[in-house]
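Please look over the backbone of the model shown here. The points below take up a few residues in turn.

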Amino acid sequence: MCLLYQGKIILSAVIIIHAFQYEELVQYVDSHQEEYVEALRDWVAIESDSSDVLKRPDLHRMMEMTAQKLRLMGGSVELVDIGEQELPDGQTLALPKVVTAQFGNDPNKSTVCIYGHVDVQPAKIEDGWATEPYNLTEIDGNLYGRGASDNKAPVLAWIHAVEAYQALSVELPVNVKFIIEGMEETGSNGLDAMILAQRDTFFSDVDYIIISDCGWLSRRPALTYGTRGNCYFFAEVEGPKQDLHSGVYGGTVIEPMTDLIGILDTLISPSGKILIPGIREAVAPLSDEEWKMYQDIEFDIENYKSKIGVSQLMYSNKVDLLAHRWRYPTVSIHGIEGAFSAPGSKTVIPAKVTAKFSIRQVPNMDPAMVKKQVTDYLHSVFAKRKSPNKLKVTMIIGAKPWLADTQHPLYEAGKVAVKRVFDVDPDLIREGGTIPIARTFQDVTEKSIIMLPIGGFDDGLHSQNEKMSRYNYIEGTKLFIAYLHQVSQIKKTQV
Ligand SMILES: *[C@@H]1O[C@H](CO)[C@@H](O)[C@H](O)[C@H]1NC(C)=O
Ligand SMILES: *[C@@H]1O[C@H](CO)[C@@H](O)[C@H](O)[C@H]1NC(C)=O
Ligand SMILES: [Zn+2]
């Protein structure tokens, strides 16, 4: 009898059992997909619009439903009171409670915490939806409904991933926690304070945070490793003590609007170059590896152009486009308050006008520095106009960007899980927008974060006809199952 030979047999037997469990889990998901779609239908039916105070009872119900689903799975669940919000009219309104849940507390295992939200953007069929937004409707493999992709299906997919392990009595490879909020679409009111308050309790044993609140860039699965921040400014120019008639006074007064347009025009050149001194210098240089990575990403420029309805973009090659969407700052001018904006041709000279513009921020810019650079610059260009009007510049939001290391074991685990489920390597992508919660998690808990999206590139988040494809929903559930296993392979000392 050869012991070594026997040893080999034992070893291969172990491997076979492991692979078999994954296959079993996948089969379980496939055979339960109708239930998963029904669960999504039930969730989409709740009009959990966090921006509409009249829908607040629905939002409370949504949080309770989420908690109940997790309770029925045997999780230890809490509905955490995060207080009230103040409305513009001075009234107060209870914020939706935050749901926290925990499955398993084995100190020998890693603990992941999954963040998601179950509130949605507003939606009415009159906005141009082809189907009732709160009645999940399947057409050609797509599940249409408000909140389907952002963020109800991804939250459910995570829950179903845990449920599949439980149903087959396969031990969860990691401890799993959930934190699910109901105010994401209106700025996560109350969440930062809650995270801070629970830093040494709920978050104390968390090793990794997973966010699945974004989408792929193409049909190829993706891992997201960065988001841009945002510095939002008001620039107010004040002149005469009241609005004036341009026939009566025009030509004699120095008009606030002309001053304002003049200084706004000095922020960015027609070719997209930011003209505010110091900003471009602060941006982290594009490395060769980054360039190479962008080069390999699947991205259809023609499709992107037709989706937004333009014939020409700021850049014509893929690397420049992606880089300027994700890793370079930009200035956008959003509007002017106090301007005469009703239809018609009223001949007013507005006495006071306020421009709103923002700068999407990237590493290594610093919001406090951006505030100073923008304020100093606008005052200096305004001074050159020698105008008697008054300029006031304020920064009202200073959200920092977030960037993860794509070599981190969390991302390596993601690459393996994607390969296992989809048999392709994922694109490593960034978001041009801001997901402030990622930064809060990083700053407060100091844990490593991964964004693991399952939404499609064309899901129409925040717009009409939002959808989640059945394929992404079901394969995404498998991805989460594979990911939990893969994370358990990271040695605790490795991080
Ligand atoms: C954790 O691992 C140690 C060492 O392998 C073992 O002695 C202990 O029983 C384990 N604890 C639990 C809760 O499984
Ligand atoms: C949802 O749409 C389906 C198909 O059009 C319809 O049969 C059903 O009654 C609708 N449900 C609700 C709750 O409106
Ligand atoms: Zn979202």
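1. In which helix is Asn 151 found? Asn 151 belongs to helix H4, which covers residues 148–167. Helices here are DSSP runs of H or I with at least four residues, strands are runs of E with at least two, and both are numbered from the N terminus. A cis peptide bond, with omega about 15°, links Asp 150 to Asn 151.

2. On the basis of the model: it is predicted, with local features needing pLDDT of at least 70 and side-chain atom pairs counting only at pLDDT 80 or more, while totals for chains, interfaces and linings use all residues. Residues are numbered from 1 along each chain as its sequence is written, chains are lettered from A and ligands numbered from 1 in the order in which they are written, and side-chain values use heavy atoms, leaving out hydrogens and water.

3. Another cis peptide bond runs from Pro 363 to Asn 364, and its omega is near 5°. Asn 364 sits in the loop that lies between strand S15 (352–361) and helix H12 (367–384).

4. Asp 423 is not a glycine, yet its phi is positive, at about 60°. The loop holding Asp 423 lies between helix H13 (409–422) and strand S18 (427–431). Asp 423 counts as exposed, with 58% relative accessibility. Exposed means over 50% relative accessible area, buried under 20%, and partly exposed in between, using a 1.4 Å probe and protein chains only.

5. His 462, also not a glycine, has a positive phi of about 70°. His 462 is in the loop between strand S19 (448–451) and strand S20 (467–469). With a relative accessible area of 43%, His 462 is partly exposed.
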